[in-house]
Amino acid sequence: MEVALTSVDIAGAWVSIFLTLCILSFLYADNPIYKLAEHLFIGVSIGISLTETWYGVFRPNLVDKLLAGNLLSIVPLAMCLMLGMKVVGIFAPAAGKKLGWLARIPIAFVVAAYAGVKLTGEANANLMTQVAQSMPDLHTLWIEHGLWDWSADGAGVISGIFLVVGLSACLLHFYFSSPHGPAMRVVSRFGVLVLMLSFGASFGYTVMGRISLAIGRAQELLGLDRSAAQAAQVHPRIASVLSLVVVVLILVIWRLRERRPQAGA
Amino acid sequence: MLRLLQRFQALDRRWVFLGMAISILVPLLYPVSFSFKVDERVRSLYDAVEELPAGSTVLVSADFDPASRPELEPFFRANLDHLFRKDVKVVVLSLWEYAPPLVVPILDEIATRDHKEYGKDYVFLGYKPGKELAIKAIGENIPKTFPTDSRGTPIGQIPIMQGFKQARDFPLLINVSAGFPGTREYVLQIQGQYDLRIASACTAVSAPDYIPFYKAGQLVGLSGGMPGSAQYEKLVYPEGPPAGVRLLGMQAINVLNLGHLYIIGLIVLGNLAFFLTRRVET
Amino acid sequence: MIALLFLALSAQAATPPTGLTVQAPPHDDGLDLDLAWTAAPGSAGTLVLRSETGPDGPWLVSAGPLPPSTTTSSDRVSSDPRTHPPAEVYWYRLVSLDADTPDFQAEVGATEAAQAQAQAAYAQALVQAGAAGPAVEGHPAASWFNTSLGHLSLLSLILAVGGLMLWFTDRARKGAPTFIRRIPGIDAIEEGIGRATEMGKPVLYVPGIDELQDIQTIASMLILGQVSKTVAEYQTELIVSCCIPMVREVADEVVRAGFYQAGYPDAYNPRNTRFISSEQFAFTAGTNGIMLREKPATNIYLGRFFAESLILAETGYVNRSIQIAGTAEATQLPFFVAACDYTLIGEELFAVSAYLSRDPRLVSSLKASDYVKVFIVVCLFVGTLAATLGSDLLVRLFTISGG
Amino acid sequence: MKRTIPLIITLLVGLFMIGEFFIPHYRYRIWTAEFLEWGLILAAAAFVLGLVNLVQVNLPKVLRREEDWGYKLVMLLSLVLTLIAGFLGGDARSEAGHLYHWIYDFVFVPLNATMFALLAFYIASAAFRAFRARNLEAALLLTAAILVMVARVPAGENLPVIGDILPRIMNWIMDVPNTAARRAIFIGAALGAVATGLRVILGLERSHLGAD
C-alpha cells in the first residue's frame with residue numbers, strides 16, 4: 001500500500017526541513033542564513049503569484065476573450081495599457097511626463113468601482129445586519145432564561161441589556177465631533193473597558209491557534225506527520241539534526257566575523 | 001532580589017522563545033495521553049454529518065493554506081473519512097489559491113483508503129478566484145462557476161455532479177475555513193439567501209467571530225482550531241485510530257496544554273515582579 | 001439504458017404533487033422563479049422539470065431530486081443572461097419519484113450536447129410514465145428598483161450620511177466653526193514623522209495586505225496622501241511597503257501627489273514605494289527586512305491586516321520604532337493594542353485622512369457619521385424596547401432580505 | 001483635463017456601482033459584473049508593474065554590488081526560475097513530477113508555514129511584555145486574556161472549578177462583551193466606510209488621482 005518515495009521527494013523533504021530551521025534562526029537574530037531564506041521566499045512567492053495570476057485571471061478573463069473576438073474586452077485592455085503608462089517614464093522620461101497621467105483613469109475606475117460596491121456591501125453586512133441582531137427581545141429572554149442563566153453561559157435579561165448598553169457605549173466612544181462632557185466621559189470609559197475585555201479575550205483565544213502553527217512545524221521536523229514507513233525512507237530527524245548543526249555553525253561563524261571588525265574599531 | 005526582579009521584567013525575548021520551543025518539543029517527543037471533553041458545537045457538527053443519509057452528497061469548501069494546515073488538516077482528514085465511511089459523496093472546491101496542492105493528495109489518500117472512486121464518490125472542482133464574488137456564484141450556479149473539475153473534465157460528464165446546480169442542492173455545506181474568504185462570507189453572502197445548512201471548521205482565531213453565527217442558527221456546527229479537530233477525531237474514532245492513521249489533532253493537544261500554561265505562567269510572573277518592584281520603588 | 005428506465009417507470013408511476021404555483025419573487029433580477037406545491041403522499045422525492053419552448057416540452061431537469069418534505073423550490077432560468085437572456089414564459093411540471101425510480105446518471109465522457117439530450121430523454125420518459133403533474137406557466141419579472149423595507153432604509157441611511165456630509169461641508173465653507181476631539185493615535189502620526197526627521201531615519205508606511213477592493217485599503221491610501229505631504233514637508237524619507245501590486249500603483253500616485261503638493265516634487269523616489277510580494281508571509285518577511293536593515297524610526301500600519309500584524313509589530317518593537325497601527329479588522333486589534341504604541345480602532349481609521357487634512361470641509365464630514373451613529377444608538381434602545389413589547393418593526397427596518 | 005476626466009469617471013462609476021445594490025435587474029447587473037471583472041484584470045495587469053518596480057529597486061543593487069547584493073540576486077534568480085518552471089509546466093504545472101510543484105511543496109510551503117509559526121513565539125513575548133496591570137484597562141485586558149487561556153487549556157476541562165465555571169465565564173465574555181465590542185467596531189467601521197466611499201465618489205477626497 002505504501003508507495004516508495006522518489007529520491008526527488010526525499011531531497012525535497014530535506015530541503016524543506018533545512019529551510020524551516022533557516023527561518024526559525026530569525027528568533028535568535030537577523031542573520032545571513034535567514035536573509036538567504038527570506039530572499040528565496042520572496043522570489044519564489046512572486047514567481048508563483050505571477051504564474052497563477054496569468055493562468056487564473058489574465059489568460060481566461062482577458063486573453064482568451066480577446067482571442068474569441070469579444071470586442072468588449074478591448075476596454076479592460078485599453079485600461080491596462082493606460083496603467084502601463086506609469087512605467088514609460090522609466091525608459092523615456094519625456095514621454096512619461098506627457099502620458100503618465102493616463103494611469104489615473106484606470107485607477108479612478110478601480111477605486112470608484114470598489115468604493116461603490118463596498119459602500120453598500122459593508123453597510124449591509126456590517127451595519128444593518130449587526131444592528132438588526134442587537135435588539136434583543138428581553139421579554140422572551142426573561143421567559144427562557146430569567147435574569148441570569150448559568151446553564152446557558154449567563155444568558156438572560158442582564159446579558160441582553162449589557163449587550164445593548166455595551167455596544168452603544170463603544171459606539172459613542174468613537175464620537176468625534178464634540179468634546180466629551182462628564183456624562184460622555186463615563187459612557188466612553190465604559191466603552192473602552194468593554195473593548196479591552198474583548199481584546200484580552202480575543203488575544204487569549206488566539207494563543208491556541210498560534211501554538212498550533214508551531215506544532216505543525218515541529219511535527220515535520222520530528223517526522224511525526226509521516227507514516228512510519230515514509231519516515232524510514234526520509235529520516236526526518238537526521239535531516240533536522242544535520243540542518244540544525246549547519247545553521248548553528250553558520251550563526252557562530254557570522255557572530256565571530258561580526259565581532260572582529262568591531263573589536264578593531 | 002530587587003535587581004533580579006527588575007531584570008526578569010526586561011527579560012530578553014530570546015529566553016522567552018527558548019521556553020516556548022521547549023514546551024512544544026518535549027510533549028511531542030514524550031507524549032502523555034489524557035481525556036478531554038467534546039464541545040457542544042463540535043458535536044453538532046458531527047451530528048449534522050451523522051444524520052446525512054447514505055448516498056447523499058455534501059459540498060466541502062476547503063479554504064485553507066499551508067499556514068493554517070496544522071489546525072485544519074486533522075479536521076479535514078477526519079471529516080472526509082467520516083463522510084466516506086457513511087457512504088456520503090463529497091464535492092470539494094476551494095476559494096483559496098494555495099489550497100489545491102494540499103487538498104488533492106489528502107483527498108486521494110483518504111479516498112483510496114476508503115475505496116472510493118473519483119467522479120462517482122468524490123470530485124475536486126478546483127480553485128476559483130474572486131473571493132466573495134465566487135461565493136455568490138457558487139450560491140447561484142455551480143456548473144457555471146466550475147465548468148470543469150480540476151482535471152479538466154466537463155462538469156456535465158461527472159456522475160456525482162448530476163442534479164447539483166447550486167449550493168442549496170446539497171443537504172450540507174462544510175466549510176473548512178482559515179479566514180477570508182471563508183465562513184463569514186459564506187454566511188453573509190449566501191446562507192440566508194438560500195437557506196443553506198452550513199457547518200464550519202475554522203481556525204482558533206476566527207472561532208469567536210463565527211460563534212454568533214452558530215448561536216443565530218446560521219451555522220449548524222462549528223469546530224474551532226486544533227482542539228476542535230482533536231474533538232472531532234475523538235468522535236469519529238472513539239476506539240482509537242485505524243491502523244496506519246495518525247491523529248494529528250489528538251497528538252498535538254498536549255502541546256497546547258503546556259504552551260498555554262507556559263504563557264500564563266509568564267504573564268503571572270511578569271505581573272508579580274512588576275508589583276513587587278513597584279511597591280519597593282514607591 | 002433508456003429502455004430499462006421505461007420498464008422501471010411504467011411499473012411504478014407515483015401520483016405527482018399537486019397545486020403547483022410558479023411566481024416571480026419580488027424585487028428580482030428577472031432570472032428566478034419560485035415554485036410551491038403540495039406534497040404527494042407516499043412519494044420518495046420530487047423532480048422539477050422545466051421547458052422554455054412550450055407546455056409539451058422538451059423538458060429539462062431543473063432541480064431535484066428534492067426530499068419529499070420539500071414543497072418549495074426556486075429556479076434560476078439562466079446562469080449567464082448575457083449569452084442566454086431569459087425567455088418571457090417558462091413551463092414547469094413536477095414529478096414524483098418512487099423509492100426505486102432510477103436516478104439520472106450521466107455517461108462519463110459524453111459531450112455536453114449528448115448529456116442534455118440524455119437528460120431530456122430521461123425527463124420525457126418520466127412524463128410519459130405518468131409521474132408528472134400538469135404544466136404550469138411562470139413569467140420571470142425583472143425589477144428596476146428594490147423597494148423592500150430594508151433596502152429603502154439602507155438607501156435613506158446612505159443618503160442621510162451623504163446629505164449631512166454635504167450640508168456640514170457647506171456650512172464649514174461658509175465659516176461655521178468645526179470641532180473635532182483629539183485622537184491621540186492620529187496626533188502620534190505627526191509626532192512620529194517628526195521623530196524620524198530628528199533621527200534622520202525613514203518612516204515606514206504599510207497599507208495593510210488586502211486588495212484595493214477593501215475600503216480599508218482605500219482609506220489607507222487617502223491617509224497616505226496626508227502622511228506623504230507631511231513627510232515631504234519635513235524632508236524625510238518615506239518607505240511604503242505594499243503587498244498588492246495594484247495598491248502599489250495607487251500608492252505611487254498618492255505619494256507623488258503628496259510630494260508635489262508639499263512643493264518637493266523632485267524629492268519623490270518611486271523606488272521607495274515598493275511592491276514586496278503578494279503572498280502574505282513573503283510580504284511580512286520582506287517588510288521585516290526593511291525594518292531591520294533600513295531601520296525606520298516610525299512604523300505606520302493602517303489598513304486591513306491579518307495574522308502578520310503581530311510579526312510586523314514585534315519586529316518593529318525590537319527595532320525600537322514608534323509604532324502606530326489602525327485597522328477595522330477586529331481579530332487583529334488585540335495584537336496591535338498589545339505591541340504598538342498607538343492603535344486606531346475601527347472607525348477611527350476612516351477618520352484619519354479627514355483629521356490630518358485639517359480641511360474644515362472634510363473634518364465636518366465626520367460630523368455626519370456622528371449624527372447617524374447617535375441615531376443608531378437611539379434605534380438600538382427603541383428597538384430593544386419595541387422587541388420586548390412584541391413589535392419587530394425596527395428589526396425589520398434593519399433587515400435586508402435577499403440580494 | 002488631467003484631473004477632470006478621472007473625477008468624472010470616479011463619480012459615474014461609483015454611483016453606478018452603488019446602484020448595484022438597489023437595482024436588481026439582470027440587464028443592470030450584467031454591467032456591474034463586467035466592471036468588477038475589469039477590476040480583476042487591472043489588478044492582474046498591475047502585477048507586471050509590480051515586477052518592474054521590483055527589478056527597478058533590486059537590480060541596480062546587484063549591478064552596483066551594493067550591500068546585500070548577493071541576497072537580491074538570489075531573490076531575482078529564484079523569481080525567474082519559478083516563473084520559468086511555471087510557464088514550462090503550463091496547465092499541468094501543479095501535478096506531481098513538475099519542477100513548479102516541487103518548488104511549491106518543498107520551498108514555498110515550509111517557508112510560508114515557518115514564517116507563520118513564528119507567531120507562536122511572538123505571542124508569548126508580546127503577552128509577557130504588554131500584559132502588566134498598570135491601570136484598570138490593562139488589568140481588564142490581561143485578566144480576560146488569562147481567564148480565556150486557562151479556560152482553553154484542554155487539560156483543564158476535567159478539573160472541578162476550572163473545567164466547569166471558567167469555560168462558562170469565557171463563553172459569557174465571548175458572547176456578550178466581546179460581541180458588543182465587535183459589533184460596535186463593525187458598525188462604526190461600516191459607517192466610516194460609507195462616509196469614506198461617499199467622499200471618494202463625490203470627489204471630496206482625491207489624493208489617489210494625483211496633484212497636477
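Two strands count as paired if DSSP finds at least two bridges between them. Strands (E, at least two residues) and helices (H or I, at least four) are DSSP runs numbered from the N terminus. In chain C, strand β8 (residues 203-206) and strand β11 (residues 298-302) pair in the parallel sense over four bridges. This is a predicted model, in which local features need pLDDT of at least 70 and side-chain atom pairs count only at pLDDT 80 or more, while totals for chains, interfaces and linings use all residues. Residues are numbered from 1 along each chain as its sequence is written, chains are lettered from A and ligands numbered from 1 in the order in which they are written, and side-chain values use heavy atoms, with hydrogens and water left out.

**Interface of chain A and chain D**

- Chain A contributes 113 residues to the contact and chain D contributes 115 residues, where contact means heavy atoms within 4.5 Å.
- The size of an interface is often given as the accessible area lost when the parts come together.
- Chain A and chain D bury about 10600 Å² between them, and 79% of that lies on carbon and sulfur atoms; buried area is the accessible area (1.4 Å probe) that two parts lose on being put together, summed over both.
- Five salt bridges are found across the interface of chain A and chain D, a salt bridge being a side-chain nitrogen of Lys or Arg within 4 Å of a carboxyl oxygen of Asp or Glu.
- K35(A) and D68(D) meet through their side chains in a salt bridge, at 3.1 Å from N to O.
- Between chain A and chain D, 18 residue pairs are in polar contact, with both residues at pLDDT 80 or more. A polar contact is a pair of N or O atoms within 3.5 Å; within protein, one must be able to donate a hydrogen and the other to accept it, and residues adjacent in sequence count only if both atoms are side-chain atoms.
- On the side of chain A that touches chain D, at least two residues each come from α1 (7-24), α2 (32-67), α3 (74-91), α5 (104-132), α7 (157-173) and α8 (182-221) of chain A.
- The element that gives the most to this side is α2(A), with 28 residues.
- By class, the side of chain A that touches chain D has 72 nonpolar, 28 polar and 13 charged residues. Ala, Val, Leu, Ile, Met, Phe, Trp, Tyr, Cys and Pro count as nonpolar, Asp, Glu, Lys and Arg as charged, and the others, Gly among them, as polar.

**Interface of chain B and chain D**

- This contact takes 40 residues from chain B and 36 residues from chain D.
- The area buried between chain B and chain D is about 3600 Å², with 68% of it on carbon and sulfur atoms.
- One salt bridge is counted between chain B and chain D; the side chains of D175(D) and K215(B) meet in a salt bridge at 2.9 Å, N to O.
- Five residue pairs are in polar contact between chain B and chain D, both residues at pLDDT 80 or more.
- Two or more residues of the side of chain B that touches chain D come from each of α1 (2-9), α2 (13-29), α9 (207-215) and α11 (248-281) of chain B.
- With 15 residues, α11(B) gives the most to that side.
- The side of chain B that touches chain D divides into 26 nonpolar, seven polar and seven charged residues.

**Sheets of chain C**

- Six strands form an open sheet with parallel pairing, in the order β10-β9-β8-β11-β12-β13 of chain C.
- Its edge strands, β10 (273-275) and β13 (342-345) of chain C, each pair on one side only.
- An open sheet of three strands has the order β1-β2-β5 in chain C, with antiparallel pairing.
- Here the edge strands are β1 (18-23) and β5 (72-76) of chain C, each pairing on one side only.
- β1(C) is joined by four bridges to β2 (residues 32-38) of chain C, and the two run antiparallel; T21(C) stands opposite A36(C) in β2(C).

**Backbone details in loops**

- The peptide bond from F180(B) to P181(B) is cis, with omega near -5 degrees, and P181(B) lies in the loop between β4 (173-177) and α8 (183-194) of chain B.
- R320(C), a residue other than glycine, has a positive phi, near 60 degrees; R320(C) lies in the loop between α8 (308-318) and β12 (322-327) of chain C.
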